[in-house]
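Work through the following exercises with the sequence and the coordinates open beside you, trying each task before reading its solution.

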Amino acid sequence: MSEPTPSAPGPIVVVGAGMAGLGTALTLLRGGRDVVVLERLPVVGGLARTVAFGDHIFDVGPHYFFLDVSDEVNALVKSCVTEEEWRPIDFKISAHIGKHHVPWPPTLEAIRKLPPSGMFSYLLNSFKGTLPDSYIAADFLQTVYGRVMYRIFLGPYLAKKVPTSGGAEALHRDWYNQTARTLDNAPDVVRDKILQVEPKLVKAFMARYPETVRRLNEEREAREGNDEADTRPTGMKRAWQIVSGLARSVTSKTFKKVLYPPGGVGVITERLAEHFEAEGGSLNLKAANVELEHEGHRVTRVSWDGGSVENPAEVIWTGSVHRLCSLMHVEREELPFMTIVLGFMKLKRPLPESDILYTYIAADDIIFNRVYYPTRSVPGLCPPGKDSLCIEITPPDQSQRAIGQETIEKVYYGLEKLGICTRDDIEDIEFMWVPDSYPVYPLDYREKLERIWEGLDKFENLRSIGRSGQFWYNNMARSMRVGIETARDLLGEYER
Ligand SMILES: Cc1cc2nc3c(=O)[nH]c(=O)nc-3n(C[C@H](O)[C@H](O)[C@H](O)COP(=O)(O)OP(=O)(O)OC[C@H]3O[C@@H](n4cnc5c(N)ncnc54)[C@H](O)[C@@H]3O)c2cc1C
């Protein structure tokens, strides 16, 4: 069948105004392209938006923007936010293990609180640094963290966090590691060391990205050429390096830096959207019922309630990949997205001061798996003399759509048991359902995804990126990075 040849391509259409969509759209616009963004909600931000419960401000679960992912991403964000909004903070989180709150990942401070066998096996495994061949998250975690840590914390935690998968025994280890992907949806073995232990993936990467491999080799040779002698330590020196590295990591007082602007994480995408519009981009909120039409292997029309684009030059999709498959008549695969429930609480009094931003909870008698303390990120997110709390629940019954008094009682019980607050401290509680919040990786998810891309990659002017678009458990900066790289690829500036 001959492909229709478009005469005058229309603008590039980006579906979704989250981190991935806005990162793509603004980069393309600044590269001189005509861009239309379609967002079905009345606000931008997607999962990374900020919501109000009365005069208390919350994110959609705890959200911290990692600054160690990409300089390019950081530069784009920095070009949009104000100086006051560029506010890096320490990423300090904890886990509730047994009866104790311990820093996560465990540091020396945790030794007094964890069972000695747990800490010992954790340290021993960190020292050995071996990785299992198994794809099963349960095996991976037991090798990396030790059997005891798995039994007392990680196993029960994953059973509670991802009940849809059947727990860590049925979950692919890539989910726990949130392994990196390229803009073409290939496992990114350059950015992710854990993928490098799989020779098949390395070989596939080398075949797909010969230019990248050539560039990396040249860089390595140049580095080695600069060294007068090979200075890589061996023997005792190497052993000492490992031991001292490990000691540094367990005693470390330095934390990853994350961005958290006053006003909430939603400020980041709000500023990107403001710049996008001010610089001439077209942002369409409440763009419901987006439909894609195609002829041959080209998307020829994008329509939504309120408008349409004929013959789009490109379509960048950041919504659910399942929905995209339906629109493009590509066979769907059994790849589940999880719905979570957030409980936003107004507190009558301030909580004790602490710099822990959130805590993981594994105990099976506590209904929530995470509790986050919004006002510890930045003051001013609630009225003076008050405080806020947010808990995250994964309902084992994913079809559940209502919260009864029984669930509320369980939330109060959990908070009291953990010593966070009493029910009398809680002024009000409101729940929010977040569908498509986490993709869940079954053990055969890689094969299933490959089949999806085989179908979707046939369309020459269509890309599917971002968390839902790639069925990728990622973070905000990674979602935005793939958006920027996709834009640069379309601008002819990306070196594969
Ligand atoms: C509870 C929770 C906590 C998290 N914590 C962190 C954290 O601390 N740090 C971190 O970096 N990341 C965190 N994340 C992950 C982070 O939210 C995501 O990686 C990131 O926001 C994904 O951005 P995205 O643009 O790829 O997708 P999304 O945010 O899902 O954006 C997609 C957008 O497309 C729109 N859309 C979808 N379908 C359509 C359609 N058919 N038509 C029009 N519009 C459509 C959606 O409304 C949405 O606005 C967390 C996620 C969750 C759920």
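The domain assignment, which is an automatic or database one, divides the protein chain into domain 1 (10–48 + 65–91 + 259–335 + 441–490), domain 2 (93–178) and domain 3 (338–439). The model is predicted, so that local features need pLDDT of at least 70 and side-chain atom pairs count only at pLDDT 80 or more, while totals for chains, interfaces and linings use all residues. Residues are numbered from 1 along each chain as its sequence is written, and side-chain values use heavy atoms, with hydrogens and water left out.

**Exercise 1.** Describe the interface between domain 1 and domain 2.

Step 1. Taken over C-alpha atoms, the centres of domain 1 and domain 2 lie 33 Å apart.

Step 2. With contact meaning heavy atoms within 4.5 Å, 11 residues of domain 1 touch 10 residues of domain 2.

Step 3. The two domains bury about 1100 Å² between them, with 56% of it on carbon and sulfur atoms; buried area is the accessible area (1.4 Å probe) that two parts lose on being put together, summed over both. Of the area that domain 1 buries against domain 2, 61% comes from Tyr441, Leu443 and Tyr473, more than from any other three residues.

**Exercise 2.** Find which residue forms a salt bridge with Arg446.

Step 1. A salt bridge requires a side-chain nitrogen of Lys or Arg within 4 Å of a carboxyl oxygen of Asp or Glu, and between domain 1 and domain 2 the count is one.

Step 2. The partner of Arg446 is Asp174, with the closest N and O atoms 3.0 Å apart.
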